[in-house]
Amino acid sequence: MDAARLELLLSSLPARPGVYRMLGRGRVVLYVGKAKNLRQRVRSYFRASGDARPFVAGLQGLLEELEWVVTPSEKDALALERELIHRERPRFNIDLRDDKSFLSIRLSAHRFPRLSLERRRPGGEAPSHGGRRFGPYTSAAAARETLRAVQIIFQLRTCADAVFAHRARPCLLHPLGRCLGPCCLPVEEGSYARRVEAAGRFLRGRFEPALELLGERMRAASAALRFEEAARLRDRLRAVEATLGARQVLADLDDDLDVFGLHREGASGVIQLLQVRAGRWHGALRFPFRGLEAPAADLLRQLLGQHYAAGAEVPPVVLLPAECLGEDCAEEGAGPEQAAAGEAPALEQWLGELRGGRVRVLSPRRGRRLELVRMAAENAAQAHRASAAEEGARAERLARLQRRLGLSRLPRRIECFDLSTLGGRQSVGAMAVLQDGEPRPAAYRRYRIREAATDSDVDMMREVLGRRLRPVLAGEEAGPDLVVLDGGLQQLGAVTALLRELGATGVEVVALAKGGPGPLRHKVALERVFLPGRKNPVRLGPDSDELFLLSRARDEAHRFAIGYHRKLRRKAAVRSALEDVPGVGPVLRRRLLLRFGSLTGVRQAGPAALAEVPGVSAALAARIVQHLAEIASNR
């Protein structure tokens, strides 16, 4: 953009809150930002002392267009900035992600709310369905243990809404004392609602009232001479107390807090989140980043937007390091903690709307809360050092694999292919990807066999590899550094011939196969790796790093292929079970499955319930019930 046009745009900027978008050639979004004052903030990019981030220096050469949207307040600008970053993925914006996905516990929006686990991808948007969510939990085991404790104490339902609406008798959780059975039994809505509210308090860390309730139920059963029930409640109380006892108590705090700590070394580092609920440690999440030379305030603001917008529980107090609240942060000595005049007010308003109550964003200056922020920063430093050491070990492992197989380059991206079939039916192929030695599920792909003979693994492997490599050879996608086939010499020979036919050069392929017995000192069979142009395989020891990498890729491909194959078989079984009934076609089958949730739900529904579905007559409903009963009896 020439200087005259840039100055014209800058002079047009209003001195109001809003969001600005910097666009490059072809209207590609380069950067999205929010500002309390658009005129001052955007002009700062083009002053010599305005912004020290590396990409800013070359921004004028890339910039083709500048657009902005005025918002009613800085809080609205913050929300719009988060939405645009998530949708447009600008090149120079920060995209912080937790190092794993995690589970939350959800209470659904229903007159008899359902208790369930919900997994979301890190940095993702909040699920569209309603209800309340608690968490996230740092491990699936911790989330499931908490869910089990809530079931034991409050006896809330866990079945899907479609199953709940058409169940004829209570499920097995009812006689086990873990569900009240509102699907079939006369449970009062008000009584159930009180249990739901108590469960919500329990999930927010208020454990004592729930334990007292369980103790009262135990004593009441004992007083009524129901000793078996009292003993069962006693065992449940002990199990829940043991679960909760593992959580460390901070004796001098009784707050719900999210504590963020930042550690960075140049452009890489870690942001650590420590969760405290009712004075107890609740969990910890890590958000690693690299190649980001943004100010600390930008890092934390965008992380908070990504984390809480995705449905994470918002506590009443969020603690941040002083350097992460912007340049207007209160000075040392102004008080034990300060809410900054820079970023905090807009963050407080936005988080308050998400929570449905007041939220304070604070920077502690002394006391126990400052210790927590420092502890979070120390945990971030430890996580960063551990990550750096792990990256070094992975790089050395890849280098050993390169030397052992004589590869021309470091196999940073390994793609492994496997097949799955059953008598030639529902034949599929799958590709798993290891990036720098770690699985990258977002890059996995699955293929239904379309043309190859389904009784020939060689032909099917040729088809799958051909479909994978054609977009690579056309320059549309990045290619692998190493292709691993789950097979032997036949598959390797077929794929090598395919590469010659396609004119693919520089694609290195190996085949991994189970071997026969190794030398006497080995108690297990050695894996064999076949290389193109070499008759004898390379044998890898059972404990070698090289085998670990290749086996990991093969196991992922095998798991992914089997999962896809089973999914297709289940669909075919459902389609066959319903469409074999005279008068039931694809449209009616879809209606039945949408209404009752699954083939099991259709089977459990009676003729009267089936006849309520549009297009199902009383006679057809009777035929469906009889047909599914016959299938079940013949199994």
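**Exercise 1. Locate Asp 436 and decide whether it is buried, partly exposed or exposed.**

Solution. Begin with the place of Asp 436, which is the loop between β14 (425-435) and β15 (438-439), where strands are DSSP runs (E, at least two residues) and helices likewise (H or I, at least four), both numbered from the N terminus. This is a predicted model, in which local features need pLDDT of at least 70, side-chain atom pairs count only at pLDDT 80 or more, and totals for chains, interfaces and linings use all residues. Residues are numbered from 1 along each chain as its sequence is written, and side-chain values use heavy atoms, with hydrogens and water left out. Next, take the backbone: phi of Asp 436 is near 55°, a positive value in a residue other than glycine. Finally, the relative accessibility of Asp 436 is 23%, so Asp 436 counts as partly exposed (buried is under 20% relative accessible area, exposed over 50%, partly exposed in between, with a 1.4 Å probe and protein chains only).

**Exercise 2. Find where Gln 155 lies and whether it is buried or exposed.**

Solution. Gln 155 is in the loop between α6 and α7 (161-166), and its phi is near 55°, again a positive value in a residue other than glycine. With 10% relative accessibility, Gln 155 counts as buried.

**Exercise 3. Describe how α6 and α8 meet, and which residues make the contact.**

Solution. First consider the axes (lines fitted to C-alpha atoms, for helices over the stretch in contact, with angles from 0 to 180 degrees between N-to-C directions): those of α6 (residues 140-154) and α8 (residues 189-203) come within 11 Å and cross at roughly 145°. Then list the residues in contact (heavy atoms within 4.5 Å): α6 contributes Thr 146, Ala 149, Val 150, Ile 153 and Phe 154, while α8 contributes Arg 195, Ala 198, Ala 199, Phe 202 and Leu 203.

**Exercise 4. Work out which residues of α1 are buried and where they lie around the helix.**

Solution. In α1 (residues 3-12), the residues Leu 6, Leu 9 and Leu 10 are buried. Viewed down the axis of α1, the buried residues fall within an arc of 100° (taken from the directions from the helix axis to the C-beta atoms), so they line one face of the helix. The face turned away from this buried side carries the exposed residues Ala 4 and Leu 8.

**Exercise 5. State how many helices and strands the chain has, and what share of its residues is buried.**

Solution. The chain has 20 helices and 20 strands, and buried residues make up 48% of its 635 residues.
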